[in-house]
Amino acid sequence: MSSHLIEKGYEPHDVEKRWYDFWETERLFAADENKDDDPCYSIVIPPPNVTGVLHMGHALNNTLQDILCRYRRLRGDNVLWMPGTDHAGIATQNVVEKHLAQEGTDRYQLGREKFIEAVWEWRSEYGSAIINQLKRLGASCDWERERFTMDEGLSRAVRKVFVKLYHENLIYRGSYIVNWCHRCYTALADLEVDHEEHDGHLYYIRYPFAEGDGGLVVATTRPETMLGDTAVAINPGDERYFDLDSSHVILPLMNRKMPIIKDKYVDMSFGTGALKITPAHDPNDFDIGNRHNLERVKVIGDDGVMTPEAGKFKGLDRFDCREAVINGLKEEHLLEKIEPYKHNVGHCYRCKSVLEPNLSKQWFVKAKPLAKKAIDAVKNAETRIIPETWTKTYFDWMDNIRDWCISRQIWWGHQIPAWTCEACQEIVVAMDAPERCDACEGRRLVQETDVLDTWFSSALWPFSTMGWPDETPALKRFYPTSVLVTGFDILFFWVARMMMMGIHFMGDVPFKDVYVHALVRDEEGKKMSKSMGNVIDPMSVIEQYGTDAFRFTLAAFAAQGRDVKMSEKRIEGYRHFVNKLWNATRFSLMHIDKAYERIDHDQISLVDRWILSRLYRVTEKVSEDLGSYRFNDAVAALYKFVWHEFCDWYLEAIKPLLYDKTESLRKEATLSVLWRVLRDTIILLHPFIPFVTEEIWHRLPGTEGSIMQAVYPSGTRDAARWEIDAEAESKMNIIMGVISGIRNVRGEMNISPSMPLVVLVQSDVESTRETIVEYQDIIINLARLSSISIEKTEKRPKSAATAVVDDTTIFVLLEGIIDVEKEIQRLEKEIKKLTNELASVAKKLSNEDFLGKAPAQVVQKVKEKHGALMEKQERLQSNLDKIMAFEA
């Protein structure tokens with residue numbers, strides 16, 4: 001292989017498309033459930049919404065999954081990475097409704113059946129966008145198995161689960177307070193509510209006693225709901241009301257008599273300690289109402305308009321009603337005061353409308369019986385949550401779990417398999433439409449119009465995608481899955497529910513590990529948002545820097561429990577790494593023209609032994625780090641090995657031998673080491689940067705097929721000869737220490753890199769001196785020396801710059817190398833300039849006006865500049881002191 005066969009610069013785009021097409025054509029992502037001999041490794045993808053486009057969260061999540069899958073394939077595992085998309089009920093319906101609005105129609109004009117057809121058409125045309133983007137990212141999913149939460153197989157699984165849970169009395173229908181969105185016209189689960197802090201008001205309203213003078217003052221943020229009040233509650237332990245004689249109050253504006261009740265739930269520190277109770281419009285009031293058998297009066301309709309129960313306020317929008325109620329209370333002199341009040345207000349996670357807690361008939365899953373086994377599974381380490389800190393959060397949520405509202409008042413989704421008999425109102429729940437009512441034999445049955453919460457079908461994902469309820473070979477082979485990689489934001493939406501459903505229906509946990517990764521933020525640690533203009537588009541950076549550089553950056557910053565701070569500058573930095581690898585390969589292939597399956601250990605040099613030892617260490621380190629989900633540590637180890645050890649030291653050290661035209665056993669041995677190290681290095685890097693490594697693999701002599709089919713490096717390849725070589729590492733540390741010391745002196749003294757130097761090395765340790773003597777050729781070559789002398793510690797030579805490394809002192813003789821007087825003048829001038837600049841920056845930092853008014857990031861940059869100037873000044877002063885010492 002000659003150098004002209006590998007281009008000077010690496011251009012990722014053609015390479016990426018070519019190799020991804022090759023991997024798919026060759027079916028290299030395919031798992032085989034009929035293969036019994038290899039160990040199994042399986043992951044189910046967190047299914048992105050069919051409406052989605054790739055964002056940074058997807059990019060991180062899927063890059064980490066792909067790293068694990070590619071790594072396990074190299075280790076010889078039978079890997080299944082199950083892909084698919086989620087039908088995303090509300091989100092998809094909203095998208096299609098907007099599309100219909102542009103055409104001048106809506107879903108009601110179309111009717112349910114035609115609307116659902118329109119959604120399927122939209123999905124057919126646009127639904128594969130995110131899948132194509134995942135392929136651009138390099139995701140090695142088994143695409144032949146791609147699933148969709150509304151496909152026939154998964155729909156059958158959903159019906160089976162609903163029917164079984166219903167007949168086990170774990171699903172019921174009942175009136176309950178739900179989070180209601182008037183825009184989407186549906187109930188939302190607690191987890192689908194986005195809470196935002198609002199600057200609101202606290203309204204103090206007097207409720208007159210039914211008998212006698214006076215009354216109770218209550219405080220509320222939602223005065224319009226008072227129209228549905230059915231009691232006022234006080235805490236039985238509240239001393240302020242121990243002498244209260246009255247038992248009833250009159251509801252202002254409605255003139256309704258209501259009881260005063262006592263309940264320990266009432267927070268004595270809030271407002272006046274008296275609490276208005278509106279069972280139809282507050283979840284806590286609903287519970288209190290149940291305990292005290294209070295009437296539920298619904299005054300806000302599902303459309304956000306006041307109902308007839310609101311009396312004269314009927315027909316008003318809820319927020320208009322608030323103003324009308326306040327004015328009415330003022331007229332009756334029952335509004336005591338209004339105070340500013342910050343409080344969290346629930347918003348729809350989709351359309352961002354303010355939600356209303358509303359009384360509604362919904363379908364629910366009894367969560368507590370299912371949660372118990374899911375809690376025990378984590379306690380018993382059947383499933384591990386990593387980082388472990390998330391385990392406590394999991395327990396907190398599961399221990400306090402509420403029944404799960406699973407019905408949604410939309411059309412797109414799994415229609416609930418329940419039918420009501422028109423004759424006797426009996427509910428029939430079945431897999432298929434029943435012909436007659438079980439109770440009265442009536443034949444007029446109407447199916448429930450509600451659909452199931454999207455998360456209901458997603459909760460079955462680990463086993464429904466593998467063919468359940470059928471007993472398939474895939475289920476037998478790949479369930480439970482090995483790991484779930486997910487963001488913490490869906491730990492409860494999805495992970496906890498998969499745990500409950502998996503254990504209940506499969507009798508086993510759905511995954512052995514749950515790896516919870518952090519968020520991707522901007523370089524200053526702020527959340528990315530369109531409004532702030534700090535969003536980085538994954539597809540844009542892939543286009544600009546290549547997929548490998550982007551993936552390597554994501555993995556490099558994916559530290560456990562720490563958010564990823566992303567910037568294009570960092571991606572550009574890792575593009576330099578990809579180019580460094582490419583150039584190192586290009587150089588190596590100028591000299592390698594065949595494969596070397598064996599290494600002659602009797603002929604290899606010290607640097608050969610050292611690089612093999614370092615390769616062994618990095619191989620073990622990467623395996624250990626990926627086994628414990630420390631992606632960033634694995635990347636750091638590979639980066640250090642490739643850039644600093646392989647490129648900066650090893651390749652530089654062997655160049656004289658490679659350029660020597662004389663053929664020798666020593667040169668042949670070094671070429672065999674170079675071939676081995678390059679081959680194994682690209683295998684180690686492949687899970688992280690798959691495209692460039694595949695390209696290099698096909699340029700390397702002696703390789704066959706795809707790098708995806710390569711064998712992960714191990715000592716078994718070369719008998720037991722590949723291991724840590726402590727002696728070689730110790731000797732190379734001495735040599736590299738001396739070279740680095742000389743290079744540091746060059747830098748400090750401003751000596752040209754090409755200027756040959758005379759060096760004296762002193763050490764009292766005999767083994768150190770022997771090593772330097774034996775390998776002085778390496779030092780002379782890499783440190784650019786004309787000569788080197790080694791002796792025991794003696795008197796310091798004149799006019800010499802010093803570097804100390806462990807037990808060794810290095811003297812670089814400067815006579816004739818630098819003009820001491822000129823260097824002193826140069827340094828003094830530079831220090832004076834820096835001192836003036838520092839004074840200017842320090843003055844700015846002592847200016848209170850600047851510190852108080854300037855944006856935080858501007859102040860921070862000035863502080864960083866001050867620190868950098870200080871550091872530079874100290875370094876120059878140190879160099880000046882050293883040169884002055886020569887004169888002395």
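Guide: Let us begin with pairing: two strands pair if DSSP finds at least two bridges between them. Helices (H or I, at least four residues) and strands (E, at least two) are DSSP runs, numbered from the N terminus. In β23, the residue bridged to L484 is V514. The model is predicted: local features need pLDDT of at least 70, side-chain atom pairs count only at pLDDT 80 or more, and totals for chains, interfaces and linings use all residues. Residues are numbered from 1 along each chain as its sequence is written, and side-chain values use heavy atoms, with hydrogens and water left out.

Visitor: What is the mean pLDDT of the chain?

Guide: pLDDT is the predictor's confidence in each residue, from 0 to 100. Its mean over the chain is 91, and 98% of the residues reach 70 or more. Over residues 716-720 pLDDT stays under 50, and for this stretch the model has eight contacts (heavy atoms within 4.5 Å) beyond four places in sequence.

Visitor: Which order do the strands have in the open sheet with parallel pairing?

Guide: Strands of a sheet pair through backbone hydrogen bonds, either parallel or antiparallel. Here the three strands are ordered β15-β23-β22. β15 (384-386) and β22 (481-487) are the edge strands, each pairing on one side only. Neighbouring strands are turned by 20° against each other on average, direction ignored. Angles run from 0 to 180 degrees between N-to-C directions, and axes are lines fitted to C-alpha atoms, for helices over the stretch in contact. β22 is joined to β23 (residues 511-517) by six bridges, in parallel. Helix α2 (residues 56-74) packs on this sheet, where it touches β22 and β23, and its direction makes about 160° with that of β22.

Visitor: Are the residues on both faces of β9 buried or exposed?

Guide: Buried means under 20% relative accessible area, exposed over 50%, and partly exposed in between (1.4 Å probe, protein chains only). In β9 (residues 231-234), A231 and A233 on one side and V232 and I234 on the other are all buried. β9 runs antiparallel to β12 (residues 274-277), with four bridges, and V232 stands opposite K276. With β11 (residues 256-262), β9 pairs in the parallel sense over three bridges; I234 has K262 as its partner there.

Visitor: How should I read the packing of α10 and α11?

Guide: Two packed helices are described by the angle between their axes and the distance between the axes. The axes of α10 (residues 367-379) and α11 (residues 389-399) come within 10 Å and cross at roughly 160°. That makes the two helices roughly antiparallel; angles under 35 degrees count as roughly parallel, over 145 as roughly antiparallel, 65 to 115 as roughly perpendicular and the rest as oblique. The contact includes A371 and I375 of α10 and Y394 and F395 of α11.

Visitor: At what angle do α11 and α15 pack?

Guide: α11 and α15 (residues 491-506) pack at about 75°, with their axes 11 Å apart. They are therefore roughly perpendicular to each other. Among the residues that meet are W390 and W397 in α11, and F492 and M499 in α15.
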